[in-house]
Amino acid sequence: MGLIANVTWFTPTWDLFIILSLVVAVFLLGLTLGRNKIIIFLISIYIAIVVITFFPFGSIFDNTNTNKGFIYQIISFLGVVILFYILLVNSVLKRAFRKTGDRSIFQIAFFSLFCIGLILSVVLSFLPKDWTRAFNPLTQKLFITEISRFLWALIPVLGMAMTRKRKKSTLSY
């Protein structure tokens with residue numbers, strides 16, 4: 001409870017910007033994509049994490065002249081996410097999801113939250129440690145710690161695994 005007390009709602013900070021952006025992004029993502037495309041977007045995020053993690057030319061990101069290598073990592077990560085989303089949205093994967101229509105607004109909201117939270121966690125992990133120490137403790141606990149990054153990676157997978165098809169209801173008189 002003390003973490004929420006540390007958030008200054010009336011003085012704009014990066015932390016407040018991150019929290020408000022998260023809320024707006026979840027709302028917009030859910031409205032524009034729908035559940036099936038959000039799941040495809042989530043899968044493309046996981047693929048991008050693997051691609052960026054195992055990228056064999058990591059020294060490109062270590063630009064010692066400007067010390068801004070993290071910017072290249074962030075741009076590359078977001079670019080790979082978008083690239084794989086474009087590739088997957090018209091693939092067999094979309095056809096597999098086509099059979100199941102959009103579910104409840106709660107599923108859409110949760111999957112949107114998972115997407116945005118996972119992206120924020122990954123992007124904030126690229127920032128230099130001295131930058132992340134400047135964030136509010138609430139933001140650090142939610143997105144920057146190793147445990148939170150692990151949970152942001154695990155919870156969407158569990159959410160997808162727990163999503164079940166609705167049984168068609170039969171009316172009996």
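This report walks through a predicted protein model, from its overall fold to its pockets and surface.

## Ground rules

In this predicted model, local features need pLDDT of at least 70 and side-chain atom pairs count only at pLDDT 80 or more, while totals for chains, interfaces and linings use all residues. Residues are numbered from 1 along each chain as its sequence is written, and side-chain values use heavy atoms, with hydrogens and water left out.

## Overall build

The protein has eight helices and zero strands. Helices (H or I, at least four residues) and strands (E, at least two) are DSSP runs, numbered from the N terminus. Along the sequence the pattern reads α-α-α-α-α-α-α-α.

The chain has 173 residues, and 36% of them count as buried. Buried means under 20% relative accessible area, exposed means over 50%, and partly exposed lies in between (1.4 Å probe, protein chains only). The protein exposes about 11,500 Å², with 69% supplied by carbon and sulfur atoms. Accessible areas come from the Shrake-Rupley method with a 1.4 Å probe; for residues, only the protein chains shown count as cover.

Rolling a probe the size of a water molecule over the atoms shows where empty space is left. The search here uses a 1 Å grid over the protein atoms alone. A cavity is a set of points where a 1.4 Å probe fits but cannot get out. A pocket is an open set with protein on both sides within 12 Å along at least five of seven lines. Lining residues have an atom within 4 Å of a point. Grid points are joined across faces, edges and corners, and a volume is the space filled by probe spheres set on the points.

The second largest pocket has a volume of about 240 Å³. Helix 2, helix 5 (105–126) and helix 8 each give two or more residues to its lining. Ile49, Ser121 and Arg149 are among the lining residues.

Ile49 lies in helix 2 (residues 14–53). Ile49 is partly exposed, at 23% relative accessible area. Leaving out residues up to four places away in sequence, Ile49 touches Phe77, Leu118 and Val122. Ile49 and Phe77 are 28 residues apart along the chain, yet their C-alpha atoms are separated by 7.2 Å.

Ser121 belongs to helix 5. Ser121 is buried, with a relative accessible area of 2%. With residues up to four places away in sequence set aside, Ser121 touches Phe143, Arg149 and Trp152.

## The cavity

The count comes to one cavity of 30 Å³ or more. The largest cavity holds about 40 Å³ of space. Helix 5 and helix 6 (129–132) each give two or more residues to its lining. Thr132 and Arg149 are among the residues that line the cavity.

Thr132 is found in helix 6. Thr132 counts as buried, at 7% relative accessibility. Not counting residues up to four places away in sequence, Thr132 touches Leu124, Leu127, Gln140 and Ile144.

## A nonpolar patch

Ile147, Phe150, Leu151, Leu154, Ile155, Leu158 and Met162 form a nonpolar surface patch, with about 670 Å² of accessible area together. Patches are made of residues with over 30% relative accessible area and no salt bridge; like charges are joined within 9 Å, and nonpolar side chains (Val, Leu, Ile, Met, Phe, Trp, Tyr) within 5 Å. A salt bridge is a side-chain nitrogen of Lys or Arg within 4 Å of a carboxyl oxygen of Asp or Glu.

Leu151 sits in helix 8 (residues 146–162). Leu151 is partly exposed, with a relative accessible area of 36%.

Key. Contact means heavy atoms within 4.5 Å.
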